[in-house]
Amino acid sequence: MAEPKIKYDRQLRIWGEQGQAALEKASICLLNCGPTGSETLKNLVLGGVGSITVIDGSKVDAGDLGNNFMVDESSVGQSKAKCVCAFLQELNDAVKAKFIEEYPESLIETSPSFFSQFTLVVATQLGEDSMLKLDRICREANVMLIFARSYGLTGFVRISVKEHTVVESKPDHFLDDLRLNNPWPELRRFAESIDLDVQDTVAHKHTPYVVILVKMADKWAKSHGGSLPSTREEKKEFKDLLKASMVAVDEDNYREAIEASFKVFAPRGISSDLQQILNDNRAEVDSNSSDFWVMVAALKEFIANEGSGEAPLEGSIPDMTSSTELYVNLQNIFQAKAEADCLVIEQRVRYILKKIGKDPNSISKTTVKSFCRNARKLRVCRYRSIEDEFNSPILPELQKYLTDEDYSVAVGFYILLRAVDRFAANYNSFPGQFHGGMDEDISRLKTTAVGLLSDLGCNGSTLTEDLINEMCRFGASQLHAVAAFIGGIASQEVIKLITRQFVPMSGTFIFNGIDHKSQLLCL
């Protein structure tokens with residue numbers, strides 16, 4: 001196994017061995033291998049997914065040579081799926097690659113059960129009708145689905161999954177779990193054993209800030225009826241007390257304590273985001289519950305009992321100015337508490353599994369440990385079905401986007417991307433696709449877009465003439481640069497879904513290549 005580890009070294013640093021293992025087990029199906037689909041799959045093949053199946057019924061023509069690097073002159077007249085598949089296979093021989101020369105639309109129509117064999121389907125350049133059908137099929141079969149489309153200078157990416165749970169959400173900024181506002185007995189005892197008024201200046205400037213803050217917070221609470229600083233004045237006063245305790249100007253540990261003092265003021269207990277997950281009706285578990293919800297049920301019990309309102313401790317501490325001895329002691333106290341918390345949750349998990357009739361050892365120790373370490377950062381993502389969004393979008397949101405200058409182009413493109421499909425259904429071609437008749441196409445597209453808006457409940461809303469003209473000028477072309485960008489976004493979301501790391505996008509991602517803007521619409 002040494003070879004692949006070296007091969008994927010850089011990405012292993014991002015999503016680790018477990019993430020890579022999940023990718024290598026995944027089987028991906030791509031519908032339509034024009035530039036948008038080919039670029040999406042290229043990134044996934046290089047990343048090392050287990051297997052790919054390319055589905056496209058078209059033949060390579062001269063136009064494909066201008067926007068798809070995965071076909072060349074010798075491919076003209078051949079099956080596009082076959083050529084792209086062969087090219088992708090060359091990029092990574094560890095990936096199993098196969099193709100089916102068939103139009104995705106007919107496969108969706110005639111063989112819905114075909115899709116249940118895949119981990120995830122990437123559907124590119126599909127019309128509205130096929131999107132609705134495929135979404136229904138994949139939801140039924142519990143197959144993850146991502147739609148992507150590029151169209152001239154615009155494009156979109158939309159995830160569709162009933163529910164996606166994330167343990168390792170890896171947020172960019174997150175508060176350390178130090179419990180300075182609510183220390184447990186061992187941490188409190190450790191802090192009490194250290195004298196802040198020590199005469200030795202070296203010892204004074206090497207007392208870790210965690211100890212300084214725990215002691216000062218305790219001292220404050222004693223003289224303020226048990227409560228910690230909450231008003232602006234009190235917080236300032238608390239910082240002034242810290243400043244006054246410095247005996248020399250170069251005491252970095254006290255400077256760190258002043259900078260970190262906001263951690264003392266933070267509210268105790270758990271965040272509203274986590275509370276929402278605990279209150280979710282999926283946290284009432286039964287024999288059909290996933291491992292994630294079983295662990296949430298155990299977490300809920302822990303917070304109500306042993307945790308006294310707090311989640312299990314993460315157990316790591318940041319770097320800080322300190323003597324080695326005190327830092328190591330502090331590290332051990334945090335690790336011991338984290339391990340004790342994790343053990344309690346593990347026992348609760350085993351008990352719950354037994355109660356719902358599952359094997360009590362079916363969730364591994366490693367899984368529980370990772371869950372405890374990330375308990376404060378859990379995320380649950382749910383996506384409306386395409387049918388719900390298309391037939392009854394969240395009206396207040398849609399109206400807000402239409403009237404908001406910042407969003408008007410993005411929502412304009414969103415409406416027009418749907419309007420061109422209606423247009424094509426009525427006139428058998430996309431607006432501006434063929435020479436001549438541009439003016440007629442512009443007025444037809446305008447009428448179609450206005451009709452669509454009123455069907456969605458936005459009577460009287462219109463889109464700018466400029467945007468409608470642009471959409472017609474695009475003539476349904478796929479530009480390589482836009483397709484590569486949309487493919488990059490789509491493949492990144494695929495990796496988030498398969499590795500169950502990071503948080504996938506929550507709405508419809510719209511790329512506006514005219515103003516170089518990317519926006520998310522939650523409808």
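**Reading the model step by step**

Q: Where is Q11 found?
A: Helices (H or I, at least four residues) and strands (E, at least two) are DSSP runs, numbered from the N terminus. Q11 belongs to helix α2, which covers residues 9–25. The model is a predicted one, in which local features need pLDDT of at least 70 and side-chain atom pairs count only at pLDDT 80 or more, while totals for chains, interfaces and linings use all residues. Residues are numbered from 1 along each chain as its sequence is written, and side-chain values use heavy atoms, with hydrogens and water left out.

Q: Is Q11 buried or exposed?
A: A residue is called buried under 20% relative accessible area, exposed over 50%, and partly exposed in between, with a 1.4 Å probe and protein chains only. Q11 has a relative accessibility of 16%, so it counts as buried.

Q: Which residues is Q11 in contact with, leaving aside its neighbours within four places in sequence?
A: Contact means heavy atoms within 4.5 Å. By that rule, and with those neighbours left out, Q11 is in contact with G16, Q20, L46 and G47.

Q: Where is V95 found, and which residues does it touch?
A: V95 lies in the loop between α4 (80–91) and β3. Its relative accessible area is 4%, so V95 is buried. Not counting residues up to four places away in sequence, V95 touches V45, G48, V49, G50, S51, I52 and Q89. From V95 to Q399 there are 304 residues in sequence and 45 Å in space, C-alpha to C-alpha.

Q: How many residues does the largest nonpolar core have?
A: A nonpolar core is a set of buried Ala, Val, Leu, Ile, Met, Phe, Trp, Tyr and Cys residues joined through side-chain atoms within 4.5 Å. The largest one here has 52 residues, and those with the most contacts inside it are L31, F115, V121, L134, F147, L445 and M471. Helix α19 (residues 408–427) supplies the largest share of this core, 10 residues. Another core, of 42 residues, lies apart from it and includes C33, L120, I498 and F509.

Q: In what order do the strands of the open sheet stand?
A: Strands of a sheet pair through backbone hydrogen bonds, either parallel or antiparallel. Two strands are taken as paired if DSSP finds at least two bridges between them. In this model eight strands form an open sheet in the order β3-β2-β1-β4-β5-β6-β9-β10, with mixed pairing. The edges are β3 (96–100) and β10 (517–521); each has a single partner strand, so one side of each is left without a neighbour in the sheet. From one strand to the next, the twist averages 15°.

Q: Which helix packs on the sheet?
A: Axes are lines fitted to C-alpha atoms, for helices over the stretch in contact, and angles run from 0 to 180 degrees between N-to-C directions. Helix α22 (residues 480–499) packs on the sheet and touches β1 (27–31), β4 (120–124), β5 (144–151), β6, β9 and β10. The direction of α22 makes about 170° with that of β5.

Q: How many bridges join β6 to β9, and how many join β9 to β10?
A: β6 (residues 154–160) and β9 (residues 508–512) run antiparallel and are joined by five bridges. T154 stands opposite N512, and V157 has F509 as its bridge partner. On the way to β10 there are again five bridges, and these two strands run antiparallel. F511 has S518 in β10 as its bridge partner. The hairpin of β9 and β10 has four residues between the strands, and H516 takes a positive phi near 55° there.

Q: Which residues of β9 point one way, and which the other?
A: T508, I510 and N512 point to one side, F509 and F511 to the other, and all are buried.

Q: At what angle do helices α7 and α9 pack?
A: Angles under 35 degrees count as roughly parallel, over 145 as roughly antiparallel, 65 to 115 as roughly perpendicular, and the rest as oblique. Helices α7 (residues 185–192) and α9 (residues 209–223) pack at about 95°, with axes 9 Å apart. Therefore α7 is roughly perpendicular to α9. In this contact, L187, R188, F190, A191 and E192 of α7 meet V210, V211, V214, K215 and D218 of α9.
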